[in-house]
Amino acid sequence: MAQASRFGAELLSPQEVTNIEVQKGGYKLLTLSDGSQLSTRSIIITTGVDYKRLNIDSLDNFTGAGVYYGAATTEGRTCQKLKVFIVGGGNSAGQAATYLSQFARQVVILNREKSLEVSMSQYLIEQLEALENVAVYNQTEIVEALGEERLEKLLLKNNTTGEEWQEEEVGALFIFIGARPHTDWLPINILKNKEGYIETGRELTRYDDYSKFWNKEREPYLLETCSPGIFAAGDVRAGAMNRVASAVGEGAMAIKFVHQYLSEH
Ligand SMILES: Cc1cc2nc3c(=O)[nH]c(=O)nc-3n(C[C@H](O)[C@H](O)[C@H](O)COP(=O)(O)OP(=O)(O)OC[C@H]3O[C@@H](n4cnc5c(N)ncnc54)[C@H](O)[C@@H]3O)c2cc1C
């Protein structure tokens with residue numbers, strides 16, 4: 001914040017943006033929750049994601065120290081030869097398990113339902129079944145996370161029998177129990193994928209609506225949305241890496257594209 005202020009950026013906080021309207025001449029009108037409006041030529045949307053959290057106090061001690069939310073791709077290589085656990089029974093948990101199985105000694109999916117069929121696509125279930133180092137503990141939930149500096153052990157419980165047991169040598173725990181991008185407020189001309197993440201760059205051309213909204217001869221820049229001059233960076237963007245460093249990096253990249261966009265006029 002200090003650096004941004006020194007460069008002349010104005011920070012309005014707390015403020016919530018509730019709408020963006022693209023006007024004639026390419027100007028964008030931002031509406032804030034207090035009803036005030038701002039006119040601008042370019043926007044970078046970095047509204048992030050609302051991650052569902054497990055309601056277990058002891059887990060919070062290890063966030064970033066063995067416990068990760070929605071970040072299998074960036075942590076994969078640090079899991080070499082470890083036994084890792086994934087919480088969740090949906091497709092994102094399944095995809096994370098297949099990815100992590102390339103690095104980890106063993107991957108265990110903790111699923112609170114009776115079987116993965118309840119919430120995971122059949123093709124993913126079949127992929128997982130074919131992987132020797134992936135196990136699924138159905139009807140299983142975490143009771144407690146234990147460790148000194150980082151996560152080391154998990155106390156687990158079978159939610160039908162009530163049986164409890166401790167897992168030792170827990171290398172990492174990845175939590176995939178749902179995430180919702182903060183994009184409900186966006187207008188229709190900012191294309192999103194079916195989970196609500198903002199599509200940018202070349203990915204946009206895969207959508208039928210692309211040519212309806214995109215009105216420039218050039219292709220969208222790497223982080224540009226379907227509305228010229230409006231960019232997206234960080235977790236809210238489809239395909240984001242879900243890490244602080246990548247969110248900050250994309251933010252810096254987006255500024256370069258803003259300059260490019262402004263120089264077109
Ligand atoms: C529990 C947890 C632990 C994590 N641990 C790590 C870690 O150890 N290392 C790591 O690299 N990453 C970690 N991450 C991921 C990391 O926090 C994110 O990747 C990163 O914060 C993304 O930055 P962002 O700027 O895209 O979004 P955010 O940091 O989510 O920021 C989005 C901001 O936009 C605001 N906003 C939303 N909607 C509006 C609106 N309409 N108007 C105005 N403002 C709005 C939000 O209030 C929020 O302040 C963790 C995430 C979680 C949930």
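Between which helix and which strand is the loop that holds Pro-14? I looked it up: Pro-14 sits in the loop between helix 1 (2-6) and strand 1 (17-22). Helices here are DSSP runs of H or I with at least four residues, strands are runs of E with at least two, and both are numbered from the N terminus.

**Ground rules.** I'm working with a predicted model, where local features need pLDDT of at least 70, side-chain atom pairs count only at pLDDT 80 or more, and totals for chains, interfaces and linings use all residues. Residues are numbered from 1 along each chain as its sequence is written, and side-chain values use heavy atoms, with hydrogens and water left out.

Back at Pro-14, I found a cis peptide bond joining it to Ser-13, with omega about -5°. Then I looked at Lys-81, where phi is near 65°, a positive value in a residue other than glycine. Lys-81 is in the loop between helix 3 (72-75) and strand 7 (83-87). Is Lys-81 buried or exposed? With a relative accessible area of 66%, Lys-81 is exposed; the cut-offs are under 20% for buried, over 50% for exposed and partly exposed in between (1.4 Å probe, protein chains only).

Asn-242 also has a positive phi, near 60°. I found Asn-242 in the loop between strand 15 (230-232) and helix 7 (244-263). Its relative accessible area is 22%, so I wrote down partly exposed.

**The ligand.** Asn-242 turned up again here: of the 19 residues around the ligand, Val-17, Thr-63, Asp-235, Asn-242 and Val-244 come nearest. A residue counts as near if one of its heavy atoms lies within 4 Å. The shell divides into six nonpolar, nine polar and four charged residues.

Next I checked atom pairs. A polar backbone atom of Val-17 is 2.9 Å from a nitrogen atom of the ligand. An oxygen atom of the ligand lies 2.9 Å from a polar side-chain atom of Asp-235, and a polar backbone atom of Val-244 is 2.9 Å from an oxygen atom of the ligand. Taken alone the ligand exposes 1000 Å², and the protein buries 64% of that (Shrake-Rupley method, 1.4 Å probe).

Why does the ligand lie between domain 1 and domain 2? Both domain 1 (16-49 + 184-264) and domain 2 (57-177) give residues to its shell, so it lies between them. The bounds come from an automatic or database domain assignment. I also noted that the C-alpha centres of domain 1 and domain 2 lie 34 Å apart.

**Trp-185.** I found Trp-185 in the loop between strand 14 (179-181) and helix 6 (210-213). Trp-185 counts as partly exposed, at 22% relative accessibility. Leaving out residues up to four places away in sequence, it touches Val-17, Thr-18, Asn-19, Ile-20, Ile-45 and Thr-47; contact means heavy atoms within 4.5 Å. A polar atom of the Trp-185 side chain lies 3.0 Å from the backbone oxygen of His-182.

**Glu-167.** My last stop was strand 12 (residues 164-167), which holds Glu-167. Glu-167 is buried, with a relative accessible area of 8%. Its side chain and that of Trp-165 are joined by a polar contact of 3.0 Å. A polar contact is a pair of N or O atoms within 3.5 Å; within protein, one must be able to donate a hydrogen and the other to accept it, and residues adjacent in sequence count only if both atoms are side-chain atoms.

Definitions and conventions:
Nonpolar A, V, L, I, M, F, W, Y, C, P; charged D, E, K, R; others polar.
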